[in-house]
Amino acid sequence: MTKRHISLPLAAEEGVRAFIDEVDERLSGEEDTCDVVQDVLIDLYGDREAYERWQAGEDVSNAERVRLQGYDPCNSTLESEYYAEKDEEKFKRSKHLQWLWRQFDATPMADNVEFALRFRQMLADHLFEEAGENLRLFKGITMTYGHNIRVGDNTVVHDDVHLDDRGKLTIGNRVSISDGVHLYSHDHDIVDQTAVKNFHTVVEDDARVTYDAMVRAGCRVGENSVVGARSVVQGDVPAHHVAVGTPAKSVKIKPGWEDEAEPLEAGGENRQAEREIPYDLPEGVDVFDEFGRDFESSN
């Protein structure tokens, strides 16, 4: 699609550039990431005066105290923090950067597209395992960790997309991920849903995953392919195929690619087992069953 160039007024552009460069420099430096995130959020939310009043020992209400404490990511918990197999060292910094990303998205500034896309690109450079150039990362994107995500150049991820990198998630160049898409890299056992396996999920160059579609863990969406709206990908989508439905099936080959594409019947193959990522739980980790079941006593 042809897009037109848009620019901010000069004064606004100068402010945006100065702010993003300042946060980027601080995140790249020796400062503790938690401290940087807290400081940035206090100012983004216009709460500097109240924060300093609280730090000076003046009275604040319980609600104010919770709000002010909440700018510090060390006072927060994320769902992925409870996952027993996560890499604790990597997650510590990723959690802080995720907190900044999520709280930024809750501000009015997150709707200023020219500002917000550039701010999230900067955050992705620090958070993702690899972040390509000219990424367009829109509002409401969530991720499991962030540090197991690799994204190529000139890729767009639209509103309210979930990038599950509990295993590993690779997204290529010039990929389009539409609103409401869920890309998964972990799966649950059908008998014991607390048993989790992690996988490498891949969306190759020039692929399109369209509105509200879901890609199951361990699947590969091939180069230049299309996943139709609200489709559920349970197996591989070969290059240049168009796959639709639940479960998604290859229904046509993109015009002009007939000589290069595999036949339609090649679509849907489940190769999940080849892409499993084994893991061992850390020694001494304190685990629990979230449903309160005691499997040892029932066996």
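Hi everyone, a definition to begin: buried means under 20% relative accessible area, exposed means over 50%, and partly exposed is in between, with a 1.4 Å probe and protein chains only. This is a predicted model, so local features need pLDDT of at least 70 and side-chain atom pairs count only at pLDDT 80 or more, while totals for chains, interfaces and linings use all residues. Residues are numbered from 1 along each chain as its sequence is written, and side-chain values use heavy atoms, with hydrogens and water left out.

Today's topic is salt bridges: a side-chain nitrogen of Lys or Arg within 4 Å of a carboxyl oxygen of Asp or Glu. By that rule, the count is 23.

Let's look at Glu 85 and Arg 166, whose closest N and O atoms are 2.7 Å apart. Glu 85 sits in the loop between α4 (62-69) and α5 (88-105), and Arg 166 in the loop between β6 (162-163) and β7 (168-171), so this pair ties together parts 81 residues apart in sequence. Helices (H or I, at least four residues) and strands (E, at least two) are DSSP runs, numbered from the N terminus. Glu 85 is buried at 12% relative accessibility, and Arg 166 is buried too, at 10%.

Next come Lys 86 and Glu 88, bridged at 2.9 Å, N to O. Here Lys 86 is buried at 7%, whereas Glu 88 is partly exposed at 48%.

Then we have Lys 139 with Asp 111, at 3.1 Å. This pair links distant parts of the chain, 28 residues apart. Lys 139 is partly exposed at 29%, and Asp 111 is exposed at 54%.

Finally, a network of salt bridges links Arg 26, Glu 31, Asp 39, Asp 43 and Arg 48. Thanks, all!
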